[in-house]
Structure formats: structure tokens, C-alpha cells
Amino acid sequence: MNRLPSLPERALVHLVLVLAVAFSLYPVLWVVATAFSGTLTPEPRALPIPQEPTLEHLREVVGATRVMPDGATQWLFGRQLLNSLVVSISTAVVGVLIAIPTAYALARFSFLGKAAGVRALLATQMFPAVASAIPLYLILDALELLNSRTGLVLCYASTSVPFAIFQLRAAFEAIPVDLEEAAMVDGATRFQAFRLVVLPVARPAIAVTALFAFMSAYNEFILAATLLDDASMFTLPVMLQRFIGEYDAQWDKFAAGALVVSLPVMALFYLVQRNLVAGLASGGVKG
Amino acid sequence: MLARLVTLFIVSFVLLVGAAARAAEPIRLWHAYRGGEEQALEEVLAEFDGAPVETLAIPYDAFGSKLAAAIPLGEGPHLFIDSHERLGDYRRRKIIAAVDDALEAGVYDAVALRAVQLDGVAWAVPLSRKSVALYVNTALVDEVPTTLEGILALQPTLPPGVYAYAYEVKKAYSHAPILHAFGGRMLDDDDGFGFRGPEAEASLRFVLELVERGAVPPNADGGLVTNLFKSGQAAFAASGPWLAADLSSELGDAVPYRVQSLPVLEATGLPMRPFLTVEGVMLSPHGALRPEVRALARHLASPAAAQVRQRLARSVTARTDVPAPADDPLLAAFAQQAELAIPMPSSPAMRATWEPADRAIGKVLRHQAEPAEALEEAQHRFDDVRRPPPPPASPWPILVLTGSFLLWGALVLVQRARAPELRERVRKSLPAYRYVAHAVLAVGVLVILPLVVGAATSLFAGPAGEVEYVGLANFFEILTARGGPLLATGSFYTVLLVTLLWTVVNITFHLGIGLVMGLLLSRPLLRLKAVYRVLLIIPWAVPSYVTALAWKGMFDQQYGAITGIILAINDLFGFTMEPIAWFSSFSTAFTANAATNIWLGFPFMMVVTIGALTAVPKDVLEAAEVDGATRWQRLTRVVLPMIRPTMMPSITLGAIWTFNMFNVVFLVSGGDPDGSTDILVSEAYRWAFTREAQYGYAAAYAVLIFVMLMLGTRLLEGTRNRWDRGGRGGSED
């Protein structure tokens, strides 16, 4: 069906992609080189190659422990990695679950207050967090959700909802209405049609939306550092921030930490993009 | 009204939950220590046999704001360890209490004791004294000259690439020893800007000459000073105990060094006196009430604890009854320097000096102003930040206005509710409401409510703790550029123009690169597709604060990777390109920021493009091909119009997020040169966090940003709908 493009064309495509990959990898490779460097001699260099390679920084970051008040030793890094994953996955699940029905309603129904609601959702993205952080703290305090992962997840999820709604609404709008109508002619209720027909077709979009929510929660540290009062509840970005002090920064350990922190996200993206391709192959869109 | 409501519920909450359940709780202690200092603290706490203690190590960046958020609610630590120079600010915000009987009488160094006192009352129990001192690389230098000029005169005798004297030349904190040696000061007795006059100007001219003679690295920050000294590229360095900690954890061959007091300035005959920071234990108001908390504070400051800190953290004690260990010359050197150091003023005004002073030094070193001129400008900046808050306004106009507005709204609602069509519409809308209810609740409580309260704070001003309602005065001040010229650097209008340019440039590149990559990666028969996709997503997968700092490092004029590339190209092709001083002019600094942000943002648009393309049915493309459309026609007339509705929300949101992209600007250029690359949101952050915590003023900026973006998106929507006649536009019903 598809003809293989000509050789020069393929070569050109790969050339462009390789250049783009070089552009996107270069700064990250500097982070990698710093993480594995035993010394950091200041001299201008073009290639990110570790100096006196060592695994020491990595070991120190990953091996971080602390002694609990009861005398037991806790593997702090493992604990914080778990926190990060739990918080970010919950955020993605909760955020997407909240956003899906709303996005569907916006795509399919017309109702009173719809236009105003959409505008309000967009408006929430415009107000910089600098002025709303302290009121948020007060609200969470009133709800007794300070210093809890639940509170953090609720904040992250609510913050991610407006964008998730926009993403999903567009995806639902792209799905032909005929699909649901056919199901409803066959005797399905509106909700069954939504759940059994629309959701499976929208799976790629849902996966990407969940990924967005996951990433924003996974990389956030200002709110996490403000809301959490217990080192065994901290998420990884908070741990990373600790390498930057008042007068000095431990760049090698910061870089090593950054590297470790980024790995799960890359793994996840790899999985989700498989899902993307699978969703595409299931071919619901063909109608 | 809102503020009163909020206060009401805070008060009742504190009364209900706060006081009642405290008695049996463990003591909470917060600190920002790492490494040896943290280890010492743990050991000291293990010896404490009072109530159980829970410690929390907080990132330094989050320390102040966390204290300010938690303590007024009766939450947060019972005691914490911080530097004395914050006492004035903390006392004003009522987040500390007098230490009372936690302080032992007659055992503290007089200077340290005075440093923790305000109006004759002690507000912290002194633990240790910190200042910078002189590090000497003993492999490069045999005999240490007694004067700074003597040290600089060694420059010609040093190997190439080695600096005589490394310090953070652009930081007012590190400039202070030189300023003091010229007889100048940062803050005068009445909390006015002291960095003026002939002494200050002479100190700047002196530093300018140091840099021009190549005796001092021109762009060093703390990390670079450390690395220069560690790698033997600096014969002397002015740095604090943290450098020693870094050197002792060195993996390979350590640099042989010793520490001594900073030298004398020959020009004046005065010693270089650094700023002294006294670290102490501070008690929160609710902590100070508990005797066992005060007992812990005494324990932390005890002679035994001081010895542990000497051994593990190598910090200079503030006590006079604990002798320095005889076998630790490093500790002895820092103790000697501490005797000579000048305690940093603890008044809130001190914190307002740093930003103007740093900028003035930078401007002089870039040859963009004479010292006198730069310092005069700094004084204006300082006075601008320290200006008195606007007079309180009567709250009646806004109360009457809000009241009548609510009344009018209620009347209209009642009237319309009577109309049968409306009831019919509500009834028809009910099924949809079931789908949206939980989103309305979540976004309403945790996003919109904080936002409305935040917006309301823009009507208030004054130092934290004594906030008054001032009406629209904050907005008036911003929009009139606080009485200065409307298009001066840092005025609302200039910053708005920079922000607009920033947004347009970024979105253009994000969309351009994102579309091309998305289209290429969606080619059906592309090999290695999965590999490319994952590699191209990486800029977005690594936390942005990490990569923003990596980019900043790459843009370093002297040692950055871009300079490395330029030199490598010069070598390979025999060119003679000069390294670029990225942060010395607006255009290059703006380019550096934009390059970083374009790099960070294009993967998002790429993923959105790929997502949108999956929804384009293949048969549509095939049909177009059969109809004989060329590729370009297929792209511009079929594919792009089809993916546009899916992408439009992401583009709009991308533009909004870029408009408010604070991270990159703050971390990469930091506003350099001279605040010219700041955008509105980073300006707002500065008012909230570095300029005396003027939250009301920052909130007014936030409201203005909000209004700009509302107008902007409305305008765009209007144009789009006009363009879309006949198309499937106007989906925004």
C-alpha cells in the first residue's frame, strides 16, 4: 500500500532526525558527564566526556539512608522514589478520571454554562502560581491535607485537570458521532456507548494525557517542598534540590540525582509510545 | 472581606486543632544542613534524652517560604536552625519568639551575642560563626603576601590559565571584604543604602582593574570558584568552610592547601573584613512555650555539642568556653577570621541591598556604567523597593460595589429562574452536569479558590504581619512605573514588551520544530521510529530545573561548552571566532534564554502533533493522493487543517505557559544584564521573594498578567473565527 520513499529522501529524513537528536541530547549528555566525573576541571570543552570517571556520586545519591527515630535504618532514596511514583501515578489516574467525563460532556452535550466553564478552565492557566501558593496552603490546612501525599495528589490532579480536559475534548471531538449513535441504535445507553465505544477509540489520547499529568507531578518540587514535613514523604525532586545550598552547589551529585530521577520517565514514555502505536493499530478511527 | 474570612478560619483552626493536641507530640526541628553539618546534628541529637525529636532537612531554597507558610498557622517546627541576618525579617513576620532561658548567660562571644539580639532581646541561641577566609594553594605559593596587592602581583609568576585570586566577583556578598577595606559599607545606620560614595566607587574601580589585569576570573559563581581551586587553577580563593568540606571529600589527588585570614589592602592599610553570619537556633512562637523545646535549644548549644560540631562539621563555635582543638589549623584559621569579620546587619533592609548591589557591580564590570552612576542607580532601586507602602484606603467603596453587584446578580438570577425557558434548559442540562460535577468541585476548590484569594491580596500592602487594605494603589504604582520613566528597564511596559517578544519567538520555534519532527516521526515506513521518538522526548523528560542549569553552564563565556565548540571549530578550520559573552547584552542573553526554552518546549509540540496525526484517517490521505494532490498540497490543504482543531488548545496553552515561564528566565539569565531579560512573571517573583516579600504587589502583577492573557486570547479567538468563516471553526460555542 505504502511505497518505500526514494533513497535520497530517506537519507534526508534521517539526517534531519539525527541533527535534532544531537540538539536534544547535547545538554543532557553534559548532565551525564558531570554525574560520572570524578573532578570538574574548568576548561572549555566541546565534547561531554566524563573526567576521571567514577560511580561514586551515583552510589551516594542512590544509597542515601537515614536513621529513624526508633533506631532502624531507612533506605531514604528508595522510599522517595516510591513516593514519587505513587504520587505521580495517582495524579495521572485521578486527573484523567476527573477529566474524561467532563471532556466528553464538553465534546458531545450542549448545556447551560458550557461556554463560561470552558473560559474559566482556560483562565485557570493564566494566573501565575506566585500569588495563589499561600492561599492553597491555607485551604489544604483547613482540609487537614497538609503533610500528606493525598493532599499533594489532589493539588497536582486538580492542576492538571484543565489541560487534560482540553486535550481529551479535542480527541473526543475527532471521533465520529456515528460510532456512538450506531451503538445506541443497537440498544446501548449513552453511558454504555461512551464507555464501550468512545473510550477504547480514545485510548492513545488518554495515554498521552495521563503522561502529561504524570510528568508535571513527577517533576514538581516547589509545592512538594512546601506541603510535606517529613523526609520519608519527600518526592525525588525535593531530594535533588537539597544539593543546592546557600553558598555552594554540589553539581556532580545534583547531576547524578537528576540522571536517576529521569530514568523512570524515559521508561514510561517508551511504554506509552508503544501504547500509542497499539492504539493506532487497533484502528477504531477508520469508522 | 475575604481576608477577614480567611483570618477567621485560620484563627479558629489554630484554636481548635493547634493548641489542643500538641502536648504529647515529638519536638520538630528543621534545618538546611548537609554532609558533615547534618552528621554532627544527628550525633548531638542522639545525646539528647528529653522528648523525642523529629528532624527535617529542607532544601535551602524552600526553607524561608516553608517557615513563613507553616508557623503562622501553628504548624511547622518548634525550633529551627538559621542565619542571624534573617532575624529582623522573621520577627516582623512573627515567626520567631524570644529565646528567653534557652540562652545561657556569660558563655557567648560578645559579637555573636549582639548579632542575635534585636532591641536588646536575644532571638536566637548562637551556635556557630561563619565567614569567608583566604584559601592558599600551597603547591603554587610558598610565601603568602600580607596584602591583596601582593597576591595580585604574583599573577605574572603563575602558570598560564591560573588565576592569582578567585572569588565571586559579581556578588555583593563577596565584594564586601574589599568594600570594607576601602572603608565603605553596604547599609548605613538608618537602614539606608550604604553602598555609595567615594569609598564604594574606589572599591569598584579596584575590582574592575583586577578583572582587566586577568588576576581574577570575570564570571565566577560559587561552583566555579570551588572548581578552580580544586583543580589548581587558582592560587588563592576567598571562600567559606563549604569549600573545605568539598576539598576533603575529593576523590583523586587533593590540592594541598591551608586557610588563613583575608589579607590587608595596601591602598588603605585596612584589613579585608568579610561578613560574619551567626548560625543559631530559633524558636517558633508555639515552640517557645514548651520547656522541653527550650531544653533542646540549650542542648544544641551546649559545650559538648559545640565539640561535636568542631569535630564533624568543623564549624567555629560561638561559645567562649570551648577551646578550639589544637590539632585543627583550619578551624583555628576560621576562628581567627571570625574575630575580624563584621556581623551582617539583621535588619530587613539588608536583604534589599543584594539585588541592586549585584547589578551595579555587574554593570561596572561590563563597562556599561561608571561606578558613581551604577551606584546611584542601585540606590534608586533600593529606595524603590523600600518605599513606604501606600496609605490604607477605605474598604467601603469595594464593599459597597461588591455588595450591590451581588445583589444585582441575585435579582437577575431570581428573575430569570422564574422564566420557564431557563428551567427547561437547566432540566435538559442535568445529564451533562452529572459528567462535569467532580471536575467543577476539584478545580473549584483547589485551583480557582486559591486563585481568587490570591487575586484579592493584590488589594493589600505593607510588611507581612501589618498588612493593610490599600485599594487599587498597587496597580496604580505598577502602571505608573512607580513614578519613574514609563519605558525604563524594569518598568511594567518594558517588561511587557520583552514578555511578548519572548512568547512569540518561543511559540514560533516550538511549533515549527514540533510540527516538522512530528510529521517526520509519523511517516509510516520510517526505520528506528521508536528510538527517535524516545531520544527526541528527552529534553522534556529530564526535570527542567536541571537542564536549565546545564544550559546556563554551557553559555559560560570562559568555560562553557559553547565556547568549547567555538574553540574546537577555530582549531579545525583555522577560524578566529571570539567566545561570546552571552549575558552581557540583551540580545545574546535573550537568545540564550530562548534557546533553552525552545529546547525544553519543542518535544511537547512534537508529541501533540504525533497525537493529532494519529486521528487523521489514512483513507483521507489516500483519497487525496488518488486525486493527484502533490505532497505539499496534501500537507497544507488536508493534513494541517485536519490536525489544527486538535492542536489549537495545546498551542493556546503553550503560549500561555511560555508567557509565564519563570523557571528558564530565572535560572539561565537571571534577568541579566541588569534585569533587562526579566519577563512579567519573574518580575512578580522578585517582588514576592527577594524584594521584601511584597506579596500584594506581586499579586497585582499576577492579576495584570491574567488580564493581559485574557485580552490576548480573546483577541486571537476573534481573529481566528473571522478567518474560519465556513470552516469548522467557532467550536468554542
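Reader: Which residues does Thr41(A) touch, once you stop counting those up to four places away in sequence?

Author: Gln51(A), Ser231(B) and Gln233(B). They count as contacts because heavy atoms come within 4.5 Å. Bear in mind that this is a predicted model, where local features need pLDDT of at least 70, side-chain atom pairs count only at pLDDT 80 or more, and totals for chains, interfaces and linings use all residues. Residues are numbered from 1 along each chain as its sequence is written, chains are lettered from A and ligands numbered from 1 in the order in which they are written, and side-chain values use heavy atoms, with hydrogens and water left out.

Reader: Where is Thr41(A) found?

Author: In the loop of chain A between helix H1 (7–35) and helix H2 (56–62).

Reader: What makes the link between the side chains of Thr41(A) and Gln51(A) a polar contact?

Author: The distance is 3.1 Å. The rule wants N or O atoms within 3.5 Å, one able to donate a hydrogen and the other to accept it, so this pair passes.

Reader: What makes Glu9(A) and Arg523(B) a salt bridge?

Author: Their closest N and O atoms are 2.5 Å apart. The limit is 4 Å between a side-chain nitrogen of Lys or Arg and a carboxyl oxygen of Asp or Glu, so the pair qualifies. Across the interface of chain B and chain A, the rule finds 4 salt bridges.

Reader: Which part of chain B gives the largest share of the side that touches chain A?

Author: Helix H18 (residues 420–456) of chain B, with 22 residues. That side of chain B divides into 92 nonpolar, 23 polar and 20 charged residues.

Reader: How much area do chain B and chain A bury between them?

Author: About 11,600 Å², of which 72% is on carbon and sulfur atoms. In chain B, Arg34(B), Tyr435(B) and Tyr545(B) lose the most area to chain A, together 7% of what that side buries.

Reader: How do you know how confident the predictor is in chain A?

Author: From pLDDT, which runs from 0 to 100. The mean for chain A is 86, and 93% of its residues reach 70 or more. Over residues 277–287 of chain A, though, the pLDDT is below 50.

How values were computed
Buried area = accessible area lost by both parts, 1.4 Å probe. Helix = DSSP H or I, 4+ residues; strand = E, 2+ residues; numbered from the N terminus. Nonpolar A, V, L, I, M, F, W, Y, C, P; charged D, E, K, R; others polar.
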